[in-house]
Amino acid sequence: MSPRSRVAALAFVLVFLGPLPSMPAPPTDPDDEAFDLESYDLNSETEWDNLDINIYGDNYDYDDLDPEVEVGATAPATPPQSSQSSAEEELTPPPAVLLPVTLDFRGPGLFGPETGLGMPTCLLCVCLSGSVYCDDTGLDHIPPLPKDTTHFYGRFNHIRHLKNTDFMNLNQLRSIDLTGNQISEMDEDVLLSLPRLQDLLLADNNLQTIPELPASMKRIDLRNNRMISRGLHSDAFKDMNGLEFLYLSDNNLDSVPAPLPLSLRVLHLQNNNIQTLHEDVFCHLHDRSFIRRNLEDIRLDGNPVNIHQFPQAYVCLPRLPVGGP
């Protein structure tokens, strides 16, 4: 058989039987257009920043994933930090210089002499509509008060001495409350120059004597002191035609102060050392028709006096005093 005939026979057999399973496919020539090996540098690094991702597939529209957000206004650009700092320095005022406070009670200002703390009283206390509240503030003296003060409260402090200059030029002052201090001394004219003073509250102090008081008084409270009878001025309450309340309990008095004004409504003298009553202490000795109508509350309990032994002393009263043997 000729060579040509052998090749034709072999081709016929292959067509009839098909390719053998173990026989690999014949190699094919590579596509020179798909792989340009001549321009491909195997030693160079890939430039990822300039890599075009679209070469790997179709373009994808990412706007379909997130809803569209509309921005009304863009934020203003922030100026450089250096310009902000310089602007703030230009706008910041220099620190204020605090000058010492000097107060002159004869001057046009509101306050009296200089305060011991170098500041006006209304920075230390509370000033409200003519009332000055200095309760429990550690005071050891009366602070200078505004000239329009009507009520002064200095309770529960450490004041020991009331001086003539403490209430100078306070022509509107109507009430002084110094309850719970340590007052043992008062200058003679400390209160006499107050033309409108009505209430004086000095309970729970160490007073033995009391100076002369203005005739405008309506309420006097000297409870729980060390008052003695000779510590009161002669006829101390006689001219006080508006006096209504007189509290003298828990002292060392040995007699009822007399004469008492007809305006008096309450007289508390309990827990003293009163041993006797004069017949004219409340009533008029020579006028049996006289009646003291206002005085309805007299306390004499806690004294060694037996009120049953002095019936003539209170026959003019609308009520009997409270007390016993």
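This is a predicted model: local features need pLDDT of at least 70, side-chain atom pairs count only at pLDDT 80 or more; totals for chains, interfaces and linings use all residues.

Biologist: What share of the residues is buried?
Modeller: Buried residues make up 32% of the 325 in the protein.

Biologist: Which helices and strands am I looking at, and in what order do the elements run?
Modeller: The protein has 3 helices and 11 strands. From the N terminus on, the order is α-α-α-β-β-β-β-β-β-β-β-β-β-β.

Biologist: And contacts along the chain? What share comes from residues 24 or more positions apart?
Modeller: Counting contacts with a separation of 6 or more, 41% are between residues 24 or more positions apart.

Biologist: Let's pick a residue. Where is Val281?
Modeller: Val281 lies in the loop between β10 and β11, the latter being residues 297-299.

Biologist: Buried or exposed?
Modeller: Val281 counts as buried because its relative accessibility is 4%, and the cut-off for buried is under 20%.

Biologist: What is Val281 in contact with?
Modeller: Beyond its neighbours within four places in sequence, Val281 is in contact with Val256, Ala258, Leu260 and Ala313. Take Ala313: Val281 and Ala313 are 32 residues apart along the chain, yet their C-alpha atoms are separated by 6.4 Å.

Biologist: You mentioned Ala258. What is the peptide bond from there to Pro259 like?
Modeller: That bond, Ala258 to Pro259, is cis, with omega near -5 degrees. Pro259 sits in the loop between β9 (245-247) and β10 (266-268).

Biologist: Why point that out?
Modeller: Because most peptide bonds are trans, and most residues other than glycine have a negative phi.

Biologist: On phi, then: which way does Phe156 go, positive or negative?
Modeller: Phe156 is not a glycine, but its phi is positive, about 60 degrees. Asn224 also has a positive phi, near 55 degrees.

Biologist: Where are those two?
Modeller: Phe156 is in the loop between β3 (151-153) and β4 (161-162). Asn224 is in the loop between β8 (219-221) and β9. Phe156 is partly exposed, at 49% relative accessibility. Asn224 is partly exposed too, at 40%.

Biologist: New topic. Which residues make the nonpolar surface patch of about 280 Å²?
Modeller: Val126, Leu128 and Tyr133 make that patch.

Biologist: Where does Tyr133 sit?
Modeller: Tyr133 is in strand β2, residues 131-133. Its relative accessible area is 33%, so Tyr133 is partly exposed. That passes the patch cut-off of over 30%.

Key
Residues are numbered from 1 along each chain as its sequence is written. Side-chain values use heavy atoms; hydrogens and water are left out. Patches are made of residues with over 30% relative accessible area and no salt bridge: like charges are joined within 9 Å, nonpolar side chains (Val, Leu, Ile, Met, Phe, Trp, Tyr) within 5 Å. Accessible areas come from the Shrake-Rupley method with a 1.4 Å probe; for residues, only the protein chains shown count as cover. A salt bridge is a side-chain nitrogen of Lys or Arg within 4 Å of a carboxyl oxygen of Asp or Glu. Helices (H or I, at least four residues) and strands (E, at least two) are DSSP runs, numbered from the N terminus. Buried means under 20% relative accessible area, exposed over 50%, partly exposed in between (1.4 Å probe, protein chains only). Contact means heavy atoms within 4.5 Å.
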